[in-house]
Amino acid sequence: MASTSSLALSQALLARAISHHGSDQRGSLPAFTGLKSTGSRASSVSSRRRIAQSMNKNRSLRPLVRAAAVETVEPTTDSSIVDKSVNSIRFLAIDAVEKAKSGHPGLPMGCAPMAHILYDEVMRYNPKNPYWFNRDRFVLSAGHGCMLLYALLHLAGYDSVQEEDLKQFRQFGSKTPGHPENFETPGIEVTTGPLGQGIANAVGLALAEKHLAARFNKPDAEVVDHYTYAILGDGCQMEGISNEACSLAGHWGLGKLIAFYDDNHISIDGDTEIAFTENVDKRFEALGWHVIWVKNGNTGYDEIRAAIKEAKAVTDKPTLIKVTTTIGYGSPNKANSYSVHGAALGEKEVEATRNNLGWPYEPFQVPDDVKSHWSRHTPEGASLESDWTAKFAAYEKKYPEEAAELKSIITGELPAGWEKALPTYTPESPGDATRNLSQQCLNAIAKVVPGFLGGSADLASSNMTLLKASGDFQKATPEERNLRFGVREHGMGAICNGIALHSPGLIPYCATFFVFTDYMRGAMRISALSEAGVIYVMTHDSIGLGEDGPTHQPIEHIASFRAMPNTLMFRPADGNETAGAYKIAVTKRKTPSILALSRQKLPQLPGTSIEGVEKGGYTISDDSAGNKPDVILIGTGSELEIAAQAAEVLRKEGKTVRVVSFVCWELFDEQSDEYKESVLPADVSARVSIEAASTFGWGKIVGGKGKSIGINSFGASAPAPLLYKEFGITAEAVVDAAKSLF
């Protein structure tokens with residue numbers, strides 16, 4: 001149990017924090033029933049006022065949402081075990097960071113009480129099956145404090161985080177990297193670290209639960225029923241992505257999303273007063289959230305319990321529980337300071353903290369009674385899953401069709417022959433913009449793939465992304481599959497990551513103009529890193545969009561995504577290639593796909609195919625023999641037509657020409673050396689590429705003697721045909737470049 005000196009320190013720091021975050025000038029804020037008392041009310045108020053006066057000499061105190069009154073919630077276990085359990089979490093974090101000489105001990109030390117109550121008393125999970133479908137999800141949005149999560153998984157009995165793993169914190173190849181990574185550590189739901197991404201992922205997880213519950217639950221059978229919990233910090237609150245995502249969470253009424261705001265008013269640069277003075281409570285109320293304030297996050301266990309109970313009772317909106325904590329709680333010299341935010345405490349301060357909190361145990365030692373207490377989660381988790389499995393079996397007998405669809409979503413197994421629904425085209429089919437052809441594919445897929453859903457950032461009618469057989473996912477209609485994200489690109493991408501990582505068979509797509517990937521690149525990178533197979537439908541892919549001008553014309557974007565690991569960058573040229581791109585995108589569940597699609601109409605070209613797209617690069621026409629054409633012309637997207645036109649000119653002049661579609665570089669790189677040689681023979685150095693984008697990177701395709709036609713400046717505002725002529729993206733330019741190589 002914490003020492004008297006520790007509690008005195010805690011009370012002083014907590015009073016300072018409460019004052020720092022505002023009071024009503026009279027100090028008469030109502031408290032939760034059941035709040036542990038650590039001093040008289042009068043002295044506490046006096047302390048608040050003194051500290052407030054010293055900190056707010058020239059400004060008024062910030063307004064504050066009062067803590068809502070709720071009934072007393074009795075503790076579910078002996079308070080001494082809770083104290084020891086909380087301190088076990090703290091010291092596992094302290095010891096791991098100290099051993100690594102690197103990390104962020106302050107957040108785990110401050111958040112241990114709320115985290116303990118969540119994982120030990122509230123959440124439903126099975127430690128021996130981290131992927132049980134109906135588990136509660138937890139997201140540590142403030143991912144720098146990941147030792148909090150590793151400590152919880154260790155105590156709960158997850159095989160992925162053994163004592164040795166804790167000792168290998170932040171070391172190469174360990175299961176305990178410097179920020180949580182879902183692809184490394186079973187039990188981690190999403191990859192967090194870039195601040196704000198995690199809470200946005202949590203919105204996606206909660207959306208997925210609400211959607212699936214609305215689609216599959218029956219009055220007599222509830223097979224989808226779980227919560228999404230998150231802890232976010234001041235940094236997450238400052239990042240704009242969190243506001244985008246939380247705005248949508250409020251709009252959608254995601255009642256099973258409960259977020260804990262670690263209100264410790266410290267960031268890397270120091271006290272948040274230097275840059276962050278808004279009233280977060282009022283902002284979240286305005287976003288449509290229920291807001292609760294836990295004033296004593298250090299020792300107010302009952303207050304935390306009561307807040308969670310109240311949050312669960314609010315079913316029509318998400319809840320933000322602001323928990324005022326002391327960063328680095330228990331550290332005599334570093335608590336409540338930025339020095340405990342991002343660095344190990346140091347040997348002397350670790351010892352001082354042990355003494356301050358009365359912790360006599362060796363590094364990484366968990367007391368036997370704490371181990372015994374937490375050990376119950378293994379049988380309880382197995383029982384929870386077993387009960388759910390039996391419930392699903394009964395559901396399957398009564399509702400076989402719905403059960404089959406839900407099972408497909410849970411397992412990720414696609415329906416047999418689903419790809420046959422994709423449209424195919426012939427050269428006689430009418431030409432069309434690939435954004436329109438994309439819409440045909442989206443609607444075809446939605447009819448046969450149960451977990452397919454998505455939407456656009458306020459551009460659905462331009463991106464052509466509406467599912468015609470479905471309505472809009474809204475607060476009152478969560479069973480529908482069209483997601484309306486509004487003008488929130490970054491939040492959209494991160495929410496889709498959460499959807500994709502909720503269940504293997506959920507396949508989300510999201511859309512905007514290709515140039516606006518700049519606004520969502522952070523989320524797209526996390527898609528690639530965390531193996532979330534989001535499909536990014538990016539229209540208006542080049543100067544071909546015309547009069548909107550350079551602000552809307554992507555130039556460097558294709559090259560930048562080709563440089564991003566674990567990303568498939570498609571630029572289809574017509575209907576068959578668009579369908580081929582979708583076939584790959586749907587099946588690649590651990591790799592995000594980006595489809596850059598045209599605004600302008602394009603012909604259905606001879607020689608293109610769905611099968612060719614699977615190779616990434618393939619020949620669409622060739623009049624040479626012996627794999628020795630005079631020249632190879634290589635195009636993507638709307639410029640493949642131009643390459644084909646140039647080939648006809650050169651062939652009439654007696655040259656043998658191969659035309660290659662390079663629709664996806666990454667897939668071509670995966671092919672065998674023999675296949676690559678059959679498309680791009682090493683002996684043929686006369687190569688010309690054409691793409692209405694930056695030529696950066698094309699050197700590896702055309703070689704040192706080849707030519708690349710593209711755009712290495714920003715575009716301009718004018719009709720598309722004129723722009724292509726002015727920027728030299730023409731068949732004549734390709735012919736001239738080819739002739740220069742003979």
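The model is predicted: local features need pLDDT of at least 70 and side-chain atom pairs count only at pLDDT 80 or more, while totals for chains, interfaces and linings use all residues. Residues are numbered from 1 along each chain as its sequence is written, and side-chain values use heavy atoms, with hydrogens and water left out.

**The whole chain**

Of the 742 residues, 63% count as buried. Buried means under 20% relative accessible area, exposed over 50%, and partly exposed in between, with a 1.4 Å probe and protein chains only. Among contacts (heavy atoms within 4.5 Å) with a separation of 6 or more, 79% are between residues 24 or more positions apart.

**The nonpolar cores**

Next, select Trp252, Leu254, Trp289 and Phe485, which touch the most other members of the largest nonpolar core, a set of 75 residues. Helix H7 (residues 197-216) gives this core its largest share, eleven residues. A nonpolar core is a set of buried Ala, Val, Leu, Ile, Met, Phe, Trp, Tyr and Cys residues joined through side-chain atoms within 4.5 Å. In soluble globular proteins, nonpolar side chains tend to be buried together.

Centre the view on phenylalanine 485. Leaving aside neighbours within four places in sequence, its contacts include Leu248, Trp252, Met492, Cys496 and Cys510. Then move to a second, separate core of 56 residues, which includes Ala112, Leu140, Tyr150 and Ile258.

**The cysteines**

Select cysteine 510, which is buried at 0% relative accessibility. Its sulfur is 4.1 Å from the closest cysteine sulfur, that of cysteine 496, which is too far for a bond. A disulfide is a pair of cysteine sulfur atoms within 2.5 Å, and by this rule the count is zero. Cysteine 146 is likewise buried, at 0% relative accessibility.

**Pocket and cavity**

Show the surface and go to the largest pocket, which holds about 640 Å³ of space. Of its 29 lining residues, Tyr131, Arg135, Leu501, Ser503 and Pro504 are the closest to its centre. Helix H14 (377-398), helix H15 (400-411) and helix H18 (489-502) each supply at least two residues of this lining.

On a 1 Å grid over the protein atoms alone, a cavity is a set of points where a 1.4 Å probe fits but cannot get out, and a pocket is an open set with protein on both sides within 12 Å along at least five of seven lines; lining residues have an atom within 4 Å of a point. Grid points are joined across faces, edges and corners, and a volume is the space filled by probe spheres set on the points.

The whole structure has five cavities of 30 Å³ or more. The second largest cavity holds about 60 Å³, and its lining includes Tyr119, Arg135, Phe138 and Glu189.

Finally, select arginine 170, in the loop between helix H6 (163-167) and H7. Arginine 170 has a positive phi of about 65 degrees although it is not a glycine, and it is partly exposed at 28%. Asparagine 566 lies in the loop between helix H20 (557-562) and strand E12 (568-570). Its phi is positive, about 50 degrees, although it is not a glycine.

Note on methods: Helices (H or I, at least four residues) and strands (E, at least two) are DSSP runs, numbered from the N terminus.
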